Amino acid sequence: MAIDFTLTPQQRVLQEAARDFAQNVLRPVVREADEEPDPLRAFNLTRPAYQEAVKRGIAFSMLPKQYGGGGLSNVDFVIAAEEICAVDPGFATTILVNGLGLMPVWYYGTEEQKERFISRATSDTSGDFIVGYAASEPPGSPGGTANFDAPAVNGAGMSVTATLDGDEYVVNGRKYWPCNVGGWDNQGADLNLVVVRTDPEAGGTRGLSALIVERGTPGVTYASISTSGQRLAPNCEIVFDDARVPAANLIEGTRGNGDLLINRNFAWSGPVAGIAAVGVARAAYEAALEWARTYTAGGPQPIIEYQYPGYVLGDVAMKIEAARYFCWKGAHYIDEHDYHGELVGAMNKVLCTEMLFDCVYKCIQVVGVNSVDRKHMFERYLREASILPLYDAGNFGMQRRRIHGVMAHSSFDPRAIMDNRTVEFDKSMEGIDTVPGPRAEMTRPFVPA
């Protein structure tokens, strides 16, 4: 049989190693970091754990061995990621974003760029090397990231511009929400992959490219964002004020194709976000099950012996198992199709992260009012559950749009994923569910006759 859900001996070793790291290195710092009100300080409380992740080969495990990475398949990466996410999905996001920043260099960069950026990250011996990925922008007109592929004029959808001036790009504008980009001190990550508009007159799917902005680049400032969940992952606002970036830092294959980079990146991360949801749901389920096995609520026996808690926790267990195997399927598909999974990655992310919220809430129902007591972790699981559908490309803003764009195309084969056939994704599938932005004549002030 070609289908076998049994982990190989190597995968079991990988799973146990990730579990050991999560339980013995990461867990001791999670509660303090999560409760620290200063987001930058909270992030720095994870620094020893991050350094250990670098030492153990976790931090760059998704990158190809050819350039010094761990060379994990996507299936192996997802198996390991579940163990870390069950302890803290925010820390796992920090690791994931190293990949979101450098995988596009592997996909689209020249050989020189791969050596200069990927090998530089994987060969660093400080233990602090970190990479950011900056696509998200604040909402507005024409700003905002969710409508980056709108069929509009005047650079609609993404407003950070990069204008070529000799052998440098001059970058101006503002990003909001990107992760890792501020580094450990809000002076910048070592490398940031930034999606910019290299053709300011082109809107929608035209004119976007990706630049590597290195730490220490003048004209770039960072400010932390304090979030309700994922507090161990550092989100920032970035302001570019005539920042000059070498033209050689434009990732060559992304020239005019930054839109495809965004969709491919968030497709790759879809099963990882999905398994993050599985990890959080698993943690909540195991805590609620343990509670139900010991808590009597004043009755003659533990509440697990009664129908309602048993049925509800059974429903949660079913959903966790189904979601886990869908993530494995999605990761395997991406392995099989040259790291393209624009459809299945979005499906993974939507289904699993929305399943998570229901699972956590059902666990809270079983535990009852005691779940509100912060000595337990349920309020934290609920906060994490509220974040996951919104981040890593929002389920409504971007993920469902990608699914819709593929399904509406005349080439769509509804059995392609089932049959493990390639689902092509191109610019013609973008822009669905969007509307043109304001034109110049629409934005002129009204003058009464």
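**Notebook: helix contacts and salt bridges**

I began with helix α4 and helix α5, where F77, I84 and C85 in α4 meet P89, F91, A92 and L96 in α5; contact here means heavy atoms within 4.5 Å. I noted that this is a predicted model, in which local features need pLDDT of at least 70 and side-chain atom pairs count only at pLDDT 80 or more, while totals for chains, interfaces and linings use all residues. I also noted that residues are numbered from 1 along each chain as its sequence is written, and that side-chain values use heavy atoms, with hydrogens and water left out.

**Entry 1: two helix pairs**

I looked up how the pair is described: two packed helices are described by the angle between their axes and the distance between the axes. Helices (H or I, at least four residues) and strands (E, at least two) are DSSP runs, numbered from the N terminus. Axes are lines fitted to C-alpha atoms, for helices over the stretch in contact, and angles run from 0 to 180 degrees between N-to-C directions.

For α4 (residues 74-85) and α5 (residues 89-108) I found axes that come within 8 Å and cross at roughly 145 degrees. The residues of this contact divide into seven nonpolar, no polar and no charged, where Ala, Val, Leu, Ile, Met, Phe, Trp, Tyr, Cys and Pro count as nonpolar, Asp, Glu, Lys and Arg as charged, and the others, Gly among them, as polar.

I then turned to α1 (residues 9-35) and α3 (residues 47-55), whose axes come within 9 Å and cross at roughly 150 degrees. F21, V25 and L26 of α1 make the contact with A49, E52 and A53 of α3, and these residues divide into five nonpolar, no polar and one charged.

**Entry 2: salt bridges**

I took a salt bridge to be a side-chain nitrogen of Lys or Arg within 4 Å of a carboxyl oxygen of Asp or Glu, and by this rule the count comes to 34. For burial I used relative accessible area, with buried under 20%, exposed over 50% and partly exposed in between (1.4 Å probe, protein chains only).

R19 forms a salt bridge with E83, the closest N and O atoms being 2.7 Å apart. This pair links distant parts of the chain, with R19 in helix α1 and E83 in helix α4, 64 residues apart. R19 is partly exposed at 29%, whereas E83 is buried at 2%.

R380 forms a salt bridge with D34, and here the closest N and O atoms are 3.7 Å apart. R380 lies in helix α11 (residues 378-387) and D34 in helix α1, so the pair ties together parts that are 346 residues apart in sequence. R380 is buried at 2%, and D34 counts as buried at 4%. Both R380 and D34 belong to a network of salt bridges that also includes R31, E35, D88, R374, E379, R383 and E384.

**Entry 3: around R282**

Is R282 buried or exposed? I found that R282, which has its place in helix α8 (residues 270-294), counts as buried at 13% relative accessibility. Not counting residues up to four places away in sequence, R282 touches E82, E83, A86, I320 and R324. I also looked up R282 and K319, which are 37 residues apart in sequence and 10.0 Å apart in space, C-alpha to C-alpha.
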